[in-house]
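Subject: Structure handover

Hello,

Here is the structure for you to take over. My notes on it follow below the display.

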Amino acid sequence: MLTPRQALLALFHKFETLFHYLEHLCRHRSVAPPGRSSFLHSSVEIQVKETLIRNLWYVAGTSDEFAPGQLVGQTIVGLPLVLWRPEAGGEVVAFDGRCCHKRMPLAAGKLLADGTLECAYHGLCFDSAGKCVKIPSQPGRAIPSRAKLRPYPIVEQDGMVWIWMGDDANPTLR
């Protein structure tokens with residue numbers, strides 16, 4: 001018997017698998033069905049890719065799965081993520097799961113005592129807002145403003161941690 005969380009994650013996984021199958025067919029089908037100029041019209045592909053998949057709240061896990069100071073790496077709608085709770089009683093944060101420098105998986109890094117995330121490759125450090133606050137190989141030099149991680153909105157409600165994977169930076173959980 002599956003728990004409600006396992007059933008929900010299985011459903012999302014099946015939906016994501018279906019999307020990848022449709023995407024594969026769109027890209028690799030050499031002959032269009034009779035009367036159609038392409039297998040799947042581009043506007044439908046965009047709707048499937050951006051509206052049905054991305055612009056949704058997804059369950060990232062239960063609140064107790066995000067212990068303070070522990071990195072959690074996940075892939076949701078095909079995007080790698082890194083999530084963590086900076087301090088006890090604090091809010092969970094979520095960012096693009098790859099370092100902005102060399103695309104190293106950030107879940108392979110570590111959380112430092114000051115609450116910053118250190119990339120395992122070159123040691124770039126990011127605060128809980130996603131801003132790069134330290135580049136060890138360039139001490140004393142200004143940090144470029146583009147050295148940051150893309151944040152994803154998080155809502156913790158009823159013991160669940162929800163993440164918005166869409167484009168809107170200020171979505172509401174209904």
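A contact here means heavy atoms within 4.5 Å. In the protein, 44% of the contacts with a separation of 6 or more come from residues 24 or more positions apart.

Please note that this is a predicted model, in which local features need pLDDT of at least 70 and side-chain atom pairs count only at pLDDT 80 or more, while totals for chains, interfaces and linings use all residues. Residues are numbered from 1 along each chain as its sequence is written, and side-chain values use heavy atoms, with hydrogens and water left out.

Overall make-up

The protein has two helices and 11 strands (DSSP runs numbered from the N terminus: helices are H or I with at least four residues, strands are E with at least two). Read from the N terminus, the order is α-α-β-β-β-β-β-β-β-β-β-β-β. Of its 174 residues, 34% count as buried (under 20% relative accessible area; exposed is over 50% and partly exposed in between, with a 1.4 Å probe and protein chains only). The accessible surface is about 10800 Å², and 55% of that belongs to carbon and sulfur atoms (Shrake-Rupley method, 1.4 Å probe; for residues, only the protein chains shown count as cover).

Cores

A nonpolar core is a set of buried Ala, Val, Leu, Ile, Met, Phe, Trp, Tyr and Cys residues joined through side-chain atoms within 4.5 Å. The largest one has 16 residues, and those with the most contacts inside it are Val82, Trp84, Leu106, Leu117 and Phe126. Strands β3 and β4 each supply at least two residues of this core. Apart from it lies another core of 15 residues, including Tyr58, Leu81, Val161 and Met165.

Aromatic pairs

Rings of Phe, Tyr and Trp (its six-membered ring) pair if their centres lie within 6.5 Å; planes under 30 degrees apart are stacked, over 60 edge-to-face, and the rest tilted. The count is two aromatic pairs. In one of them, the rings of tryptophan 84 and phenylalanine 95 have centres 5.6 Å apart and planes at 35°, so this pair is tilted. Tryptophan 84 is in strand β3 (residues 79–84) and phenylalanine 95 in strand β4 (residues 93–96), so the pair ties together parts 11 residues apart in sequence. Tryptophan 84 is buried, at 0% relative accessibility, and phenylalanine 95 is buried at 2%.

Salt bridges

There are three salt bridges (a side-chain nitrogen of Lys or Arg within 4 Å of a carboxyl oxygen of Asp or Glu).

- Arginine 85 pairs with glutamate 156, the closest N and O atoms being 2.9 Å apart. Arginine 85 lies in the loop between β3 and β4 and glutamate 156 in strand β10 (residues 154–157), so parts 71 residues apart in sequence are tied together. Arginine 85 is buried at 8%, whereas glutamate 156 is partly exposed at 36%.
- Arginine 103 meets aspartate 96 at 3.1 Å, N to O. Arginine 103 is partly exposed at 44%, and aspartate 96 is buried at 17%.
- Lysine 110 pairs with glutamate 118, with the closest N and O atoms 3.8 Å apart. Lysine 110 is partly exposed at 48%.

Regards
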